[in-house]
Amino acid sequence: MSSTLATLELQYFRAVSLYRRRSYEPCVDLCNTLLQAGHENHVQMFATSGREEIAMESQTQQTEHTANLQRIGPRQRQRRRDLEAVGGVATPSIMPTWLMESVWQLKMRALTQRVYLDDLEVDDAADEVTEEVEFERIATAARPGSSIKTAFQPRPSTSQRRPVGHSSARSSDGRISNSARPSSAMARPGTAFSRPGSSALGARPSSRCGTASRVRATSAAAFNVGDATANLYQASRLNPTIYADRETIVKALFQFLFYHEADVQKAYSLCQAVMQGIVMDTQRVQRAQGAQGALATPTDAGRTDWWWQQQLGRCLLALHYPRRAEPCLQQSLAAFPHPDTYLLLSRLYQRLRQPERALLLIGQAVERHPFDVVYRLEQARIHEAMSQQEDALQLYRLAAKLQPINVEALASIAVGYFYDNNPEMSLMYYRRILSLGVHTAELYCNIALCCLYGGQIDLVLPCFQRALLMATQPEQKADIWYNLSFVAVTSGDFNLARRCLQLCLTSDARDGAALNNLAVLAAHSGDIMGAKSYLNAAKDMLPEAVEVVANLQFMDLHYKL
């Protein structure tokens, strides 16, 4: 039996080694094998509560040291729990309970890292259409000027390419939308490249979920296809109060619920249960010290775990309760000034339409850590959201000086040079990003645009070809074909331009800018009815686009149909 236990422990340590090497899929497969073995032998997990287990361990330890002071060795907890009535002989199961719990925790961590997304890099505060939480997706709109969804803003004779409700005719980075310049073309640059705590270049496996498209959070369940143990541990049936007092697994369970299962409500219930337990422990200590009714001492205040206060505020922000999240985050910040707490509070104030207060908060963080790039980038994003492009560009340059390999800063500086009609300098920064190992369809498309406006015509089509080969999402392909239509117009090939715009609509039928430009090309070729049809469709997609309205008025004035 000892050899069998040793074999199971060896398999467990192999799974741990795979997890440390970020081989999450083999780690999950090995954990599934161990969990299936434990389930077949009816191993019960969490048979006792955390406090009972701690009390049992302390009692057992005291009994061992008082009964035989000369015997010091490992305690066999499982043997005492599995005593049977037959002759008082201990018959341990094939897999001990502690090993079963450890394997389950390791599997949760591996699944969480498999689809982990830094929610601080996701800016969904700009979604003014609805405040309803969308739990079905992992990623939402990225910050202005750095999203691959809006990496290619409207070109000449266009307004906004996607309907955005009642917003003004500006691009996502605050610039006037009648420009032909690209955006930063980086898929949330800062998540995997410049954010502390995230992976470095190429560190995460290529199978990591994308962060630009609307990926359904429930698609994480697809990783459990063929997993015989998937139906044994269902997150929707977990009772948070059972695991709240188990300090060894409760944090891993929260991250599993929040990031992998996308069950924010269940994660919030777990945070509440943990905080209630902390309050009860504090009151118990106060009663033991005879300090009933007295204020909490600094040591008691430190026990109100700042990490759980932060996660409580994070869940409330995800549930769109910023007012209720503010005191939680402020208490967490008072207990421990963690960078994520500053950033969460900054996002909270921006959601409440208080960017000046967010700037003041980040300014306090900058005073404490003047060389931290994270705070400088957050300041630049706030200025950019306030349409203060010069201040934002200065902060991005400062961030690039502090961290020369920061992709977000380099991409934003390249955008600034491009909008200032300096495509050569922009191309230099994009090539710098390319040398860092970043290869995306958006980056190659922006390099092609820089080459087009910089006069390097021989590099335009090869870069667009590379971008098309690397494009995987329909919106990416639509943006690339849309930009290719301008290359055709520049060369005077209107038939090729029309074909590119039709391919753009094939990838994204709701592209109002492509419909508007097709109307212009149709009117140029004499197809007035087709042009009017395209303009009406473009107006349905972009009801407030200035160019579409002006073109319709021109058609009604000069062409009586």
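Reader: Is Arg284 buried or exposed, or does it fall in between?

Author: Please note that this is a predicted model, in which local features need pLDDT of at least 70 and side-chain atom pairs count only at pLDDT 80 or more, while totals for chains, interfaces and linings use all residues. Residues are numbered from 1 along each chain as its sequence is written, and side-chain values use heavy atoms, with hydrogens and water left out.

Arg284 is partly exposed, with a relative accessible area of 39%, where buried means under 20% relative accessible area, exposed over 50%, and partly exposed in between (1.4 Å probe, protein chains only). Its partner in a salt bridge is Asp281, at 2.7 Å from N to O, the term meaning a side-chain nitrogen of Lys or Arg within 4 Å of a carboxyl oxygen of Asp or Glu. Asp281 is buried, at 19%, and both residues lie in helix H8 (residues 264-288), 3 residues apart, about one turn of the helix; helices here are DSSP runs (H or I, at least four residues), numbered from the N terminus.

The structure holds 7 salt bridges. One of them pairs Glu25 with Arg114, their closest N and O atoms being 2.7 Å apart; because Glu25 belongs to helix H2 (residues 24-40) and Arg114 to helix H5 (residues 97-114), this pair ties together parts that are 89 residues apart in sequence. Glu25 is partly exposed at 44% relative accessibility, whereas Arg114 is buried at 8%.

Lys532 and Asp556 also meet in a salt bridge, at 3.2 Å from N to O, and this pair links distant parts of the chain, helix H23 (residues 528-541) and helix H24 (residues 546-558).

Technical notes:
Helix = DSSP H or I, 4+ residues; strand = E, 2+ residues; numbered from the N terminus.
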